[in-house]
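Work through the exercises below with the sequence and the model at hand. Each task is followed by a solution in steps.

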Amino acid sequence: MTFAEEAGRLAGMAGAVLGWSPDRFWRATPAELRAVVTAMMGPTGGDPPSAATLARLREMYPDG
C-alpha cells in the first residue's frame, strides 16, 4: 500500500471513529493520532513473545 493510500485510509478512519474533519487529521501529528487511539482502545501489543513461548506454542500447535 502506498503512503497516499494508507494516509487516505487513516483519514477516513479518523473521520468515522473520532469525528475528525480532514483538516483536523492533516494538522495532527502521528503522536497525537496514536495518543487519541490509545486513549480510546487502551494500549495494544506489549512485549513480543519470548523464544520459550514461541517454542511452547509450536509444540501445542504443530500444524501451524
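**Exercise 1.** In which helix do Arg-9 and Glu-6 both lie, and how many residues apart are they? Then decide whether they form a salt bridge, and classify how accessible each residue is.

Solution. The model is a predicted one.
- Step 1: Helix α1 holds both Arg-9 and Glu-6, at a spacing of 3 residues, or about one turn of the helix.
- Step 2: The closest N and O atoms of the two residues are 2.4 Å apart. The cut-off for a salt bridge is 4 Å, so the pair Arg-9 and Glu-6 counts as one.
- Step 3: Side chains of opposite charge can pair when their charged atoms come close.
- Step 4: Arg-9 has 39% relative accessibility and is therefore partly exposed. Glu-6, at 26%, is also classed as partly exposed.

**Exercise 2.** Find how many salt bridges a search of the whole structure gives, and describe the one formed by Arg-27 and Asp-23.

Solution.
- Step 1: The search returns 2 salt bridges.
- Step 2: In the pair Arg-27 and Asp-23, the N to O distance is 2.9 Å.
- Step 3: Both residues belong to helix α2, which covers residues 22-27, and they sit 4 residues apart, about one turn of the helix.
- Step 4: Exposed means over 50% relative accessible area. Arg-27, at 54%, is therefore exposed, whereas Asp-23, at 47%, is partly exposed.

**Exercise 3.** Locate Glu-5, state what its side chain reaches, and give its C-alpha separation from Arg-27.

Solution.
- Step 1: Glu-5 is in helix α1, which runs over residues 3-18.
- Step 2: The Glu-5 side chain comes to 2.9 Å from the backbone nitrogen of Thr-2.
- Step 3: With a relative accessible area of 47%, Glu-5 is partly exposed.
- Step 4: Along the chain, Glu-5 and Arg-27 are 22 residues apart, and 18 Å separates their C-alpha atoms.

**Exercise 4.** Compare the span of helix α3 with the expected value, then say whether α3 is largely buried or in the open and what follows it.

Solution.
- Step 1: α3 covers residues 30-41, which makes 12 residues.
- Step 2: From first C-alpha to last, α3 reaches 16 Å, close to the 16 Å expected at 1.5 Å a residue.
- Step 3: The number of buried residues in α3 is 1 of 12, so the helix lies largely in the open.
- Step 4: Gly-42 follows α3 and has a positive phi, near 85°.

Key:
Residues numbered from 1 in each chain as written. Predicted model: local features only at pLDDT ≥ 70, side-chain atom pairs only at ≥ 80, totals over all residues. Heavy atoms only, no water. Helix = DSSP H or I, 4+ residues; strand = E, 2+ residues; numbered from the N terminus. Buried < 20%, exposed > 50% of the residue type's maximum accessible area, 1.4 Å probe, protein only. Polar contact = N/O pair within 3.5 Å; in protein donor to acceptor, adjacent residues only side chain to side chain. Salt bridge = Lys/Arg side-chain N within 4 Å of Asp/Glu carboxyl O. Expected span 1.5 Å × (residues − 1).
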